Amino acid sequence: MQNISLPEVVRTGGMPLMEAISLRRSGRDIDPSKDIDLQTLSNLLWAAFGINRTKGRTAPSSHNRQEIELYVCLKSGVYRYNPVENLLEILFEKDMRAETGSQPFVGEAPVEIALVSDTTKITGKTPQGVIESTYADTGFICQNIYLFCASEGLSTVARALVPKEELAAKWNLHPGQIITLVQTVGYPLPRG
Ligand SMILES: Cc1cc2nc3c(=O)[nH]c(=O)nc-3n(C[C@H](O)[C@H](O)[C@H](O)COP(=O)(O)O)c2cc1C
């Protein structure tokens, strides 16, 4: 079982923000033959929910609880993003991309990022408040992914249509952990 060390994040460059916002959209026509290189993956995960200052992340979270972890599904396996060490920690040495949904592009795209919330970190709230809080936190991470993808010419779509309970069982999540959304990422098919 092999972890993947990610290359150092490149925090500069990219498209001007207003242009990236102009291009932001959901894309489902993903080229199955085109992989995402490790540098781009490193930058993508950092943009999504990396560390950008002491105790701070690229996306906000209620009370700075940082309860969301990114489970990254690649052809080579399922990994947990460790933003401190800029590492993908291997969880399962198995291609589980297709198991994150039933839409046709799901098993074809090179990267599926599942947002897994550890709701036990959210204390002092009603059950409804816990859900509201963690779905708000989810949305910021997803939008970061959308904007990074717009900037890099990648296609992405946030997906709620996910067999969440089945996946949680396969990944041995504890009852307090919930999969909030999964985001598909890949290169768009060339326009014909
Ligand atoms: C919470 C949420 C759940 C979504 N779930 C899915 C999904 O399961 N499958 C899918 O193809 N698109 C999904 N989408 C993408 C929306 O269909 C898409 O954002 C919407 O049609 C607007 O298109 P746009 O993102 O290109 O502006 C979801 C979007 C959000 C915000």
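1. N86 lies in the loop between β5 and β6; strands here are DSSP runs of E with at least two residues, helices are runs of H or I with at least four, and both are numbered from the N terminus. The model is a predicted one, in which local features need pLDDT of at least 70 and side-chain atom pairs count only at pLDDT 80 or more, while totals for chains, interfaces and linings use all residues. Residue numbers start from 1 along each chain as its sequence is written.

2. N86 has a positive phi of about 50° although it is not a glycine. Most residues other than glycine have a negative phi. N86 is partly exposed, with 18 other C-beta atoms within 10 Å; a residue is buried at 20 or more such atoms within 10 Å, exposed at 12 or fewer, and partly exposed in between, with C-beta atoms placed from the backbone. The hairpin of β5 and β6 has 4 residues between the strands.

3. N64 also deserves a check: this residue, not a glycine, has a positive phi of about 50°. N64 sits in the loop between β3 (56–57) and β4. With 10 C-beta neighbours inside 10 Å, N64 counts as exposed.

4. R80 stands opposite E89 in β6, and N82 has L87 in β6 as its bridge partner. L87 also stands opposite S5. The antiparallel strands β1 and β6 are joined by 2 bridges.

5. The open sheet has 7 strands in the order β1-β6-β5-β4-β7-β9-β8, with antiparallel pairing. β1 (4–5) and β8 (155–159) stand at the edges with a single partner strand each, so one side of each is left without a neighbour in the sheet. β8 pairs with β9 in the antiparallel sense over 5 bridges, and T156 has V185 in β9 as its bridge partner.

6. Helix packing on the sheet comes next. α2 lies across β4, β5, β7 and β9, running at about 155° to β4; axes are lines fitted to C-alpha atoms, for helices over the stretch in contact, and angles run from 0 to 180 degrees between N-to-C directions. α3 packs on the sheet as well, touching β4, β7, β8 and β9, and its direction makes about 10° with that of β9.

7. The axes of α2 and α3 come within 7 Å and cross at roughly 140°. T40, L44, A47, A48 and F49 in α2 meet I141, N144, I145, F148 and E152 in α3, where contact requires C-beta atoms, placed from the backbone, within 7 Å. By class, this contact has 7 nonpolar, 2 polar and 1 charged residues; Ala, Val, Leu, Ile, Met, Phe, Trp, Tyr, Cys and Pro count as nonpolar, Asp, Glu, Lys and Arg as charged, and the others, Gly among them, as polar.

8. The largest nonpolar core has 43 residues, and those with the most contacts inside it are A48, L70, V72, I113 and I145. Such a core is a set of buried Ala, Val, Leu, Ile, Met, Phe, Trp, Tyr and Cys residues joined through C-beta atoms within 7 Å. Elements giving two or more residues to this core include α2 (38–49), β4 (68–74) and α3 (127–152). Leaving aside residues up to four places away in sequence, L70 touches L45, A48, F49, Y81, I113 and L115.

Conventions:
Two residues are in contact if their C-beta atoms, placed from the backbone, lie within 7 Å. Two strands pair if DSSP finds at least two bridges between them.
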